[in-house]
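Biologist: Can you put the model up? I would like to go through it piece by piece.
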Amino acid sequence: MVWVNLDTKVYHREGDRWYGRTVHGKYMSEADANRQGYRLSKEKDEPGRP
């Protein structure tokens, strides 16, 4: 599950500092987020990011 920020159209994976913390957002599967046009956060401390 990822946290989607509905205002910025960005999603955050678990471990990202914004995961579940933005005012306007919701949880959904990563596949659904991609299908609906949301993009992955560019946070460097996110799991799977260099």
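Biologist: What do strand 1 and strand 2 form, and how many residues are between them?
Modeller: Strand 1 and strand 2 form a hairpin, and four residues lie between them. Strands here are DSSP runs (E, at least two residues), numbered from the N terminus. This is a predicted model, where local features need pLDDT of at least 70, side-chain atom pairs count only at pLDDT 80 or more, and totals for chains, interfaces and linings use all residues. Residues are numbered from 1 along each chain as its sequence is written, and side-chain values use heavy atoms, leaving out hydrogens and water.
Biologist: Which residue in the turn has a positive phi?
Modeller: Lys9, with a phi of about 65°. The value is positive although the residue is not glycine.
Biologist: Why does Lys9 count as partly exposed?
Modeller: Because its relative accessibility is 46%. Buried means under 20% relative accessible area, exposed means over 50%, and partly exposed is in between (1.4 Å probe, protein chains only).
Biologist: How many bridges join strand 1 to strand 2?
Modeller: Three, and the two strands run antiparallel. Two strands pair if DSSP finds at least two bridges between them. Strand 2 covers residues 10–12, and His12 in strand 2 is the bridge partner of Trp3.
Biologist: And strand 3, how does it run relative to strand 1?
Modeller: Antiparallel, with four bridges joining strand 1 to strand 3, residues 25–28. There, Tyr27 stands opposite Trp3.
Biologist: What is the strand order in the sheet?
Modeller: The order is 3-1-2-4, in an open sheet of four strands with mixed pairing. Strand 3 and strand 4 (39–40) are the edge strands, each pairing on one side only.
Biologist: What do the strands of a sheet pair through?
Modeller: Backbone hydrogen bonds, in either a parallel or an antiparallel arrangement.
Biologist: Back to strand 1. Which way do its side chains point?
Modeller: Val2 and Val4 point one way from strand 1 (residues 2–5), while Trp3 and Asn5 point the other way. All four are buried.
Biologist: Why is Asn5 called buried?
Modeller: Because its relative accessible area is 10%.
Biologist: What does the Asn5 side chain reach?
Modeller: The backbone nitrogen of Thr8, at 3.2 Å. That is a polar contact: a pair of N or O atoms within 3.5 Å, where within protein one must be able to donate a hydrogen and the other to accept it, and residues adjacent in sequence count only if both atoms are side-chain atoms.
Biologist: Which residues does Asn5 touch, beyond four places away in sequence?
Modeller: Val10, Thr22, His24, Gly25 and Tyr38. Contact means heavy atoms within 4.5 Å. Val10, in strand 2, also stands opposite Asn5.
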